[in-house]
Amino acid sequence: MPNMLETDVLIVGAGPTGLAAAVALAARGVAATVVDRQAAGANTSRAAVVNARTLEVLEGVDVARRLVKEGVQAPTFTIRDRGRTLIPVDFSGLPTEYPYSLMVPQSTTERLLLERLEELGGSVLRPKTLSAIAEDRDGVTATFDDGDSIRARYVVGADGIHSLVREQAGIGFDGGVYDESFVLADVRLTGGAPRDEVILYWATEGLTVVAPLPDGVHRIVAPVAEAPEQPSASFVQQILDTRIGTAKLSVAEVIWGSRFRIHHRVADTFRAGRLLLAGDAAHVHSPAGGQGMNLGIQDAAAAAEALARVLGGESDSVLDDYSAARRPIAQQVVEMTDRLTRLATLPRAARPIRNAVIGLVGRVPAVRTGLARRLSGLVYR
């Protein structure tokens, strides 16, 4: 027999954004139901950096300390041309309790958010695939492919780039896709890769990111004309040899890898009636700067606060305020990551000039401080 459940807020999607929204609502005493089409949460690293602003947001729901305990602190971010440092960015002087990038696999972030949600009495219904949403004056009825339905006062779409919530709301999602594909690999390296620093190499041959993860693992990200679906150790080694050179890093093992293409899009609005968007359902962009998951979790916290206020009796114009506040931030992040990505993927002939200019700009203290504040998310407080 099909079931009909009732809740204050239905959250579609149990990635970091959806789970963070559920935790924030549960902490405020709001009844929220999370559904996800996947049978289990993320078991790969995917997004791997949690920035200072996100940790500040998660501190209020008792998740930040748990993340810090399991992550690797990287207080330094550098842009390099092989052995030459173009821009050093030091987070250690920032006005925050978390003056570093916390390197931690997305699977760990999701696990800790889910554990906190369960402590607060919540859970995730899975696998459960949304099929339609019908909104009326008093609420929203969501139906699922198993025949079940959920009645909610509001819905948060945290269901990713192909969001059905966004589609059902009729919200536009303009943008495009970068030409190059990207390879991502979590590897074990020999040769002395730093454990407290994220490095972005801008070589004539192309960009490469080398970042530490827990348990002696490093994340490698690089644009490649035709990336393999499963990058081998020899393929990743070739990238390091041609783009880093002097670092003398050797790939001992590929633990996990994938390829992806990057979209850059922002939803026309983050609110339509009783439907809100957050995370990748609202904005997608280049991983340059590690902003994606962070922006989604910060969306989640802001959406939860707005919903709690409305459910507590305030005007639903507070939900318009949520959209008006978060959408410009998403646009800024998309523009910043777009600039970084286009700089990183310039034609080969232009790359030496780019590196020379970046090296000069990197000598200006105000530039380094501004970049630290933006990458840490503190500029969006």
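Reader: Which residues make the nonpolar surface patch of about 370 Å²?

Author: In this predicted model, I353, V357, V361, V364 and V367 make the patch. Helix α9, residues 351-361, supplies its largest share, three residues.

Reader: Where is V364 found, and is V364 buried, partly exposed or exposed?

Author: A residue is called partly exposed when its relative accessible area lies between the buried limit of 20% and the exposed limit of 50%. V364 has 37% relative accessibility, so it counts as partly exposed. V364 is found in the loop between α9 and α10 (365-376).

Reader: What is the strand order of the open sheet?

Author: The eight strands are ordered β6-β5-β13-β14-β15-β12-β16-β19, and the pairing is mixed. The edges are β6 (84-90) and β19 (283-284); each has a single partner strand, so one side of each is left without a neighbour in the sheet.

Reader: How many bridges join β13 to β14?

Author: Five bridges join β13 (residues 197-203) to β14 (residues 206-213), and the two strands run antiparallel.

Reader: Which strands does helix α6 lie across?

Author: Helix α6 (residues 233-243) lies across β12 (173-190), β13, β14, β15 (217-224) and β16 (250-267). The helix runs at about 75° to β15.

Reader: How do β12 and β16 pair, and what stands opposite V266 in β19?

Author: β12 and β16 pair in the antiparallel sense over 15 bridges. D174 has V266 of β16 as its bridge partner. V266 also stands opposite H283 in β19, where β16 and β19 pair in the antiparallel sense over two bridges.

Note on methods:
Residues are numbered from 1 along each chain as its sequence is written. This is a predicted model: local features need pLDDT of at least 70, side-chain atom pairs count only at pLDDT 80 or more; totals for chains, interfaces and linings use all residues. Side-chain values use heavy atoms; hydrogens and water are left out. Patches are made of residues with over 30% relative accessible area and no salt bridge: like charges are joined within 9 Å, nonpolar side chains (Val, Leu, Ile, Met, Phe, Trp, Tyr) within 5 Å. Accessible areas come from the Shrake-Rupley method with a 1.4 Å probe; for residues, only the protein chains shown count as cover. A salt bridge is a side-chain nitrogen of Lys or Arg within 4 Å of a carboxyl oxygen of Asp or Glu. Helices (H or I, at least four residues) and strands (E, at least two) are DSSP runs, numbered from the N terminus. Buried means under 20% relative accessible area, exposed over 50%, partly exposed in between (1.4 Å probe, protein chains only). Two strands pair if DSSP finds at least two bridges between them. Contact means heavy atoms within 4.5 Å. Axes are lines fitted to C-alpha atoms, for helices over the stretch in contact, and angles run from 0 to 180 degrees between N-to-C directions.
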